[in-house]
Amino acid sequence: MSPRSASVNEELRRRSRERLLQAAVELVSEHGYEATTLGDIADRAGSARGLTSYYFPGKRQLVQSAVHRLMHRTLEEALEREPRTDDGRERMARAIDAILGLARERPVLMRQHMAGLLHAEGFMPCPEQRRLAELLRDTVARNGSDDVDADYPMLRALLMGSVYAALVPGAPMPIPVLRAELFGRYRLDWELGVPPGPHVAYGGDYQTPM
């Protein structure tokens, strides 16, 4: 057999890394961070255990990259869903709803992610995070920002803070309240994005019809 080309090898490596990231999301969602081992992730991904250390320095880096990949894909899907739009306010609303939706739909995973960011190793850049950042920066720009370099970090901080507030054990804030606060800050109509079901959004000027 002739040796595989460089492009084929690169594609195989990409797929292997993707499987590890997906397995990490699944296992941490099911069992939590502490109960998930690198061996478990490799087994779920159908990969040799040594490959995890080839792609990632450790479990925390792997899980951070996995969550950033999930956030990027969720955000991309929200921004590009039909009907597609270039309207900056609608795209900002979709972005906010996408990230808050992860707090609602993946509470264990997102809680572990927030805890990991507060760990001594803190925030660790990775390709998945850079792709997420590019989408958020583009969202800020399309929403009319005059200073994306200043406004993007603020949006990121507000989204992270809202996810944290929604997931604090024993004292979570309702996601509709957090949504109202963010929509108020960015002057977005409540009907944009994916509005929640009927409720009164205390903490902001936005209310759904009674």
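Mentor: Let's settle one term before we look. A crossing is left-handed if the near helix is turned anticlockwise from the far one by less than a right angle, and right-handed if clockwise. Also keep in mind that this is a predicted model.

Trainee: Okay. So which hand does the crossing of H6 and H8 have?
Mentor: H6 and H8 make a left-handed crossing. Their axes come within 10 Å and cross at roughly 120°.

Trainee: What do we call that, parallel or oblique?
Mentor: Oblique. An angle of 65 to 115 degrees would count as roughly perpendicular, and one over 145 as roughly antiparallel. The angle here is roughly 120°, so H6 and H8 are oblique to each other.

Trainee: Which residues make the contact?
Mentor: On the H6 side, they are Pro107, Met110, Arg111, Met114 and Leu117. H8 brings Met160, Val163, Tyr164 and Leu167.

Trainee: Let me zoom out. How many helices and strands are there?
Mentor: The protein chain has nine helices and zero strands. Along the sequence, the pattern reads α-α-α-α-α-α-α-α-α.

Trainee: And what box do the C-alpha atoms fill?
Mentor: Roughly 65 × 40 × 30 Å, taken along the principal axes.

Trainee: How much of the chain is buried?
Mentor: Of the 210 residues, 46% are buried. Now take contacts between residues at least 6 apart in sequence: 62% of them join residues at least 24 apart.

Trainee: What about the nonpolar core? Which residues touch the most other members?
Mentor: The largest nonpolar core has 54 residues, and Leu75, Ile96 and Leu188 touch the most other members. The elements that give two or more residues to this core are H1, H2, H4, H5, H6, H7, H8 and H9.

Trainee: Now H9. Which of its residues are buried?
Mentor: Ile175, Val177, Leu178, Arg179, Ala180, Leu182 and Phe183. The buried residues of H9 pack against helices H5 and H8. After H9 comes Arg187, with a positive phi near 55°.

Trainee: New topic: charges. Why would two side chains pair up?
Mentor: Side chains of opposite charge can pair when their charged atoms come close. In this model the count is 19 salt bridges.

Trainee: Show me one. Where do Glu18 and Arg69 lie?
Mentor: Glu18 lies in helix H1 and Arg69 in helix H4, so the pair ties together parts 51 residues apart in sequence. Their salt bridge is 3.0 Å, N to O.

Trainee: Are those two buried or exposed?
Mentor: Buried means under 20% relative accessible area. Glu18 is at 16%, so it counts as buried. Arg69 is at 8%, so it is buried as well.

Trainee: What about Arg89? What does it bridge to?
Mentor: Arg89 forms a salt bridge with Asp189, with the closest N and O atoms 3.6 Å apart. Arg89 is in H5 and Asp189 is in the segment after H9, 100 residues apart. Arg89 is partly exposed at 32%. Asp189 is partly exposed too, at 39%.

Trainee: Which network do they belong to?
Mentor: A network of salt bridges that links Glu80, Arg84, Asp86, Arg91, Asp138 and Arg142.

Trainee: Last stop. I clicked Ser65. Where is it, and is it buried or exposed?
Mentor: Ser65 is in helix H4. At 4% relative accessibility, Ser65 counts as buried. Beyond its neighbours within four places in sequence, Ser65 is in contact with Arg17, Leu21, Phe56, Cys126 and Glu128.

Trainee: And Thr37? Where does it lie?
Mentor: Thr37 is in the loop between H1 and H2. Thr37 is partly exposed, at 39% relative accessibility. Its C-alpha atom is 9.0 Å from that of Leu27, which is 10 residues away along the chain.

Methods:
Residues numbered from 1 in each chain as written. Predicted model: local features only at pLDDT ≥ 70, side-chain atom pairs only at ≥ 80, totals over all residues. Heavy atoms only, no water. Helix = DSSP H or I, 4+ residues; strand = E, 2+ residues; numbered from the N terminus. Buried < 20%, exposed > 50% of the residue type's maximum accessible area, 1.4 Å probe, protein only. Contact = heavy atoms within 4.5 Å. Salt bridge = Lys/Arg side-chain N within 4 Å of Asp/Glu carboxyl O. Core = buried A, V, L, I, M, F, W, Y, C linked by side-chain atoms within 4.5 Å. Axes fitted to C-alpha atoms, helices over the stretch in contact; angles between N-to-C directions. Parallel < 35°, antiparallel > 145°, perpendicular 65-115°, else oblique.
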